[in-house]
Amino acid sequence: MTGGDGTALDGLLAGAPDFEPGQVWLVGAGPGDPSLLTLAAVSALGQADVVVYDALVDPRILDLARPEAERLFAGKRGGKPSHNQADISATLVDLARKGRRVLRLKGGDPFVFGRGGEECAALGAAGIPIRIIPGITSGLSGLTAAGIPATLRGVNQAIFLATGHGAGQTGAADAIDWRRVAGLGQPIVLYMAMKMMPLIRAELRAGGLPGTTPCAAIVSATTADQRVVFSQVDRLVEDMEAAGLEPPAVIAIGEIVRHRSVLDGAVRLAVGSERPAAE
Ligand SMILES: C[S@@+](CC[C@H](N)C(=O)[O-])C[C@H]1O[C@@H](n2cnc3c(N)ncnc32)[C@H](O)[C@@H]1O
């Protein structure tokens, strides 16, 4: 850490609440780059007895836990063997009941498409004391890291954050009507949407979204592996395939994406020397 004698930073960390035995803290690990962790997360890692972590958490973040802290992987990745959500919640309850300081570390923000709410409900029902530490969500920081403004005066006054995970499932209470979303006329930011993008695109087009609407896929945002593919709605799926993109990715759709190039000269300094994979 630079930019001071460290006293002010030490003071902030020392003022953090004590992690008591038998508690579970649900902590956001941010989008990828370990330097985007919150100070509250760093303080919590330094106190935990056990860290139960997800798939997208950088190992350097786990290194911030005490050497003797136990590290338990509880990751879930689409298409690969998954830990069952009920088992994860039961493990958290069990560890807390054994009097351990349990840190549940989740990528991004625990309450944004992270099933943090379900884990909290299970812990609450079991009477386990919980603390929640927000994290920087990938849907917004991914755009920023790619130089795309999430909002821009005169362009948009809202942004629609959605998961593509359940697209195509009918009858679910939380199903998205993509045709109506197209009618909002506001930018759309999608998590977990690579696989279902052909269907989502067809629905958005049927809802009137022009095929020329600019879009971007941002892979491994904020990490050394970040890649950005710029495209337009009627070519996005093909361009992602041609570039060989693999999850995790956030997909941005809307006029805000066009403003990446408007801001390009200024942004290059802000986001480093990375160049988009395709434009
Ligand atoms: C289960 S969701 C968890 C989201 C997380 N709670 C958050 O707030 O960012 C996983 C999805 O988040 C997105 N994601 C997470 N980290 C990312 C990153 N570094 N770059 C791009 N997308 C990311 C991808 O869409 C990925 O499939």
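The legends below describe close-up views of one predicted model.

Residues are numbered from 1 along each chain as its sequence is written, and side-chain values use heavy atoms, leaving out hydrogens and water. Because the model is predicted, local features need pLDDT of at least 70 and side-chain atom pairs count only at pLDDT 80 or more, while totals for chains, interfaces and linings use all residues.

**View 1. Confidence along the chain.** The mean pLDDT (the predictor's confidence in each residue, from 0 to 100) is 90. In the chain, 90% of residues reach 70 or more. Residues 272-279 have pLDDT below 50. Beyond near neighbours in sequence, this stretch has 17 contacts in the model (heavy atoms within 4.5 Å).

**View 2. The shell around the ligand.** The ligand is surrounded by 17 residues (each with a heavy atom within 4 Å of it). Pro31, Val112, Thr137, Ser138 and Ala249 are the closest. The shell holds 11 nonpolar, 5 polar and 1 charged residues. Here Ala, Val, Leu, Ile, Met, Phe, Trp, Tyr, Cys and Pro count as nonpolar, Asp, Glu, Lys and Arg as charged, and the others, Gly among them, as polar. Domain 1 (13-136) and domain 2 (139-271) both give residues to this shell, so the ligand lies between them. The domain bounds come from an automatic or database domain assignment.

**View 3. Oxygen atoms of the ligand.** A side-chain N or O atom of Thr137 is 2.6 Å from a ligand oxygen. For a side-chain N or O atom of Ser138, the distance to a ligand oxygen is 2.7 Å. Asp109 uses its backbone: an N or O atom there lies 2.9 Å from a ligand oxygen. The protein buries 86% of the 570 Å² that the ligand exposes when taken alone (Shrake-Rupley method, 1.4 Å probe).

**View 4. Two loops with backbone details.** Pro247 and Pro248 are joined by a cis peptide bond, with omega about 5°. Pro248 sits in the loop between helix H9 (236-242) and strand S10 (249-253). Phe113 is in the loop between strand S4 (102-106) and helix H5 (116-125). Its phi is near 50°, a positive value in a residue other than glycine. Helices (H or I, at least four residues) and strands (E, at least two) are DSSP runs, numbered from the N terminus.

Methods
Polar contact = N/O pair within 3.5 Å; in protein donor to acceptor, adjacent residues only side chain to side chain.
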